[in-house]
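Here's a quick tour of a protein model, with an eye on its charged pairs. Have the structure open and follow along.

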Amino acid sequence: MKALSSDTARNVLAGLAAGVLLGGCSVTTNTPEGATTGTGENSSFTEAGIEQIIEDGEATIDLRSPLLASDLGADEQARLRDLDERGEDPIEVTLLGANGELVVPAEVIRILVQPEGAEIQSIAVFEGVEDAADLAERLREVAGTVGFDDSVTEPILDQLTDAPEQEHDRWLNGGTALGPTVGLNAVHHPDGDSLLQYELTPPA
């Protein structure tokens with residue numbers, strides 16, 4: 001597994017930031033406060049919660065029901081923040097859905113909340129991979145798990161396999177087999193930087 005380069009992750013995150021301006025907002029804080037665990041099986045994504053996740057090397061996000069910022073540890077004193085471990089060992093993130101679960105070795109996790117600050121709008125998880133071949137293999141595995149048909153994924157897999165010297169940036173939208181809606185973004189650059197982005201929308 002290859003660590004995400006700053007430029008690659010920055011470009012993808014910049015696209016997310018543009019989406020935030022149009023829809024939700026990412027809530028962050030610089031104070032090391034907040035719960036170290038969320039409600040139920042959720043990890044906390046407060047300042048203290050992020051420190052705990054990094055120490056443990058693992059996190060859990062429960063997407064079996066609607067998700068509130070408070071479920072991830074937020075309160076009046078402590079808000080949610082992003083996890084960014086680019087260049088470090090990935091965090092093993094377990095995504096729980098009503099119909100199963102998916103484990104992602106993540107380097108970046110970004111939580112977007114609704115403008116009102118209560119409900120989680122979406123969660124972006126970024127997994128770094130070695131090259132186009134590894135990206136194709138991982139995409140094939142994950143796409144089937146979250147509910148994309150082979151007829152949708154095969155053209156993308158063929159492009160990654162047949163033309164690794166080219167840039168690729170392809171989206172798959174609307175996988176629901178896991179429970180929550182999952183979008184996948186396969187990104188590859190000829191210099192070898194590749195990532196698979198998971199865009200997760202909790203159930204309403």
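Which residue forms a salt bridge with Arg-81? The partner is Glu-47, with the closest N and O atoms 3.3 Å apart. Keep in mind that this is a predicted model.

**Overall layout**
- The protein chain has four helices and nine strands.
- Going along the sequence, the order of elements reads α-α-β-β-β-β-β-β-α-α-β-β-β.
- Of the 204 residues in the protein chain, 49% are buried.
- If you take the contacts with a separation of 6 or more, 63% of them are between residues 24 or more positions apart.
- The chain exposes about 9400 Å², and 45% of that comes from carbon and sulfur atoms.

**Arg-81 and Glu-47**
- Back to the opening pair: Arg-81 and Glu-47 form a salt bridge. Arg-81 sits in the loop between S1 and S2 while Glu-47 belongs to helix H2, so the bridge ties together parts that are 34 residues apart in sequence.
- Glu-47 is buried, at 12% relative accessible area, whereas Arg-81 is partly exposed, at 24%.

**Arg-64, Glu-41 and Asp-62**
- Arg-64 makes a salt bridge with Glu-41, and their closest N and O atoms are 3.0 Å apart. This one runs from loop to loop: Arg-64 is between strand S1 (58–62) and strand S2 (83–84), and Glu-41 is between helix H1 (6–22) and helix H2 (47–56), so parts 23 residues apart in sequence get tied together.
- Both ends count as partly exposed, with Arg-64 at 41% relative accessible area and Glu-41 at 46%.
- Asp-62 joins in too: Glu-41, Asp-62 and Arg-64 are linked in a network of salt bridges.

Technical notes. Residues are numbered from 1 along each chain as its sequence is written. This is a predicted model: local features need pLDDT of at least 70, side-chain atom pairs count only at pLDDT 80 or more; totals for chains, interfaces and linings use all residues. Side-chain values use heavy atoms; hydrogens and water are left out. A salt bridge is a side-chain nitrogen of Lys or Arg within 4 Å of a carboxyl oxygen of Asp or Glu. Helices (H or I, at least four residues) and strands (E, at least two) are DSSP runs, numbered from the N terminus. Buried means under 20% relative accessible area, exposed over 50%, partly exposed in between (1.4 Å probe, protein chains only). Contact means heavy atoms within 4.5 Å. Accessible areas come from the Shrake-Rupley method with a 1.4 Å probe; for residues, only the protein chains shown count as cover.
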